[in-house]
Amino acid sequence: QVQLVESGGGLVQPGGSLRLSCAASGSIFSINVMGWYRQAPGKQRELVGTITSAGFTNYADSVKGRFTISRDNAKNTAYLQMNNLRPEDTAVYYCHFQNWGTSIWTYWGQGTQVTVSS
């Protein structure tokens, strides 16, 4: 089992910045992927971006150039730096973790609200 604790959400004005953190604990494999998905009211959950344990990143087109994912493997923590935020970025952001072994095990954080509004 892997436990995920998210922090850093809140209210920000358009053009502002926020940083989310996701700390993982428990049974963590050496090969894993961390990242974020988000879900706005009335919409399906969508990928924001991911980062592998080797540091490879992948982003949704809608956030490329504005959001950056990084990680500290020693702390099993991933970070989502969100810059130039837009009202359409308003959503609940969920930390996502996958252990890659003989199978893939997926875990989700509890979600943190990000609201972009003036």
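The questions and answers below go through this predicted model and the criteria behind each label.

User: What kind of model is this, and how are residues numbered?

Analyst: This is a predicted model, in which local features need pLDDT of at least 70, side-chain atom pairs count only at pLDDT 80 or more, and totals for chains, interfaces and linings use all residues. Residues are numbered from 1 along each chain as its sequence is written, and side-chain values use heavy atoms, with hydrogens and water left out.

User: How many helices and strands does the protein have?

Analyst: There are zero helices and 11 strands. Both are DSSP runs numbered from the N terminus: helices are H or I with at least four residues, strands are E with at least two. Along the sequence the pattern reads β-β-β-β-β-β-β-β-β-β-β.

User: What makes the radius of gyration agree with a compact globule?

Analyst: The radius is taken over C-alpha atoms, and the globule rule is 2.2 Å times the number of residues to the power 0.38. For 118 residues that rule gives a value near 13 Å; the protein has 14 Å, so the two agree. The C-alpha trace spans about 45 × 25 × 25 Å along its principal axes.

User: Why is the contact between Glu46 and Arg38 called a salt bridge?

Analyst: A salt bridge needs a side-chain nitrogen of Lys or Arg within 4 Å of a carboxyl oxygen of Asp or Glu. The closest N and O atoms of Glu46 and Arg38 are 2.7 Å apart. That is within the limit, so the label applies. Side chains of opposite charge can pair when their charged atoms come close.

User: How many salt bridges are found in the whole structure?

Analyst: The search finds four. One of them joins Asp61 and Lys64, with the closest N and O atoms 3.1 Å apart. Asp61 counts as exposed because its relative accessibility is 64%.

User: How many aromatic pairs are there, and why is Tyr37 with Trp108 called edge-to-face?

Analyst: The search finds three aromatic pairs. In Tyr37 and Trp108, the centres are 5.2 Å apart and the planes 70 degrees apart. Rings of Phe, Tyr and Trp (its six-membered ring) pair if their centres lie within 6.5 Å; planes under 30 degrees apart are stacked, over 60 edge-to-face, and the rest tilted. Tyr37 is in strand 4 and Trp108 in strand 10 (residues 104-108), 71 residues apart. Tyr37 is partly exposed because its value is 22%. Trp108 is partly exposed at 38%.

User: What makes the pair of Phe97 and Tyr107 tilted?

Analyst: The planes of Phe97 and Tyr107 are 55 degrees apart, and the centres 6.4 Å apart. Phe97 is in strand 9 and Tyr107 in strand 10, 10 residues apart. Both residues are buried.

User: How do you know that the charge of Arg45 sits over a ring?

Analyst: The test asks for NZ of Lys or CZ of Arg within 6 Å of the ring centre and within 35 degrees of the ring normal. The charged end of Arg45 sits over the ring of Tyr94, 3.7 Å from its centre. The charged end of Arg45 also sits over the ring of Trp108, at 4.7 Å.

User: Why is Ser21 called buried, and what does Ser21 touch?

Analyst: Ser21 has a relative accessible area of 16%, so Ser21 is buried. Ser21 lies in strand 3 (residues 18-26). Not counting residues up to four places away in sequence, Ser21 touches Val5, Glu6, Ser7, Trp36, Ala78 and Tyr79. Contact means heavy atoms within 4.5 Å.

Methods:
Buried means under 20% relative accessible area, exposed over 50%, partly exposed in between (1.4 Å probe, protein chains only).
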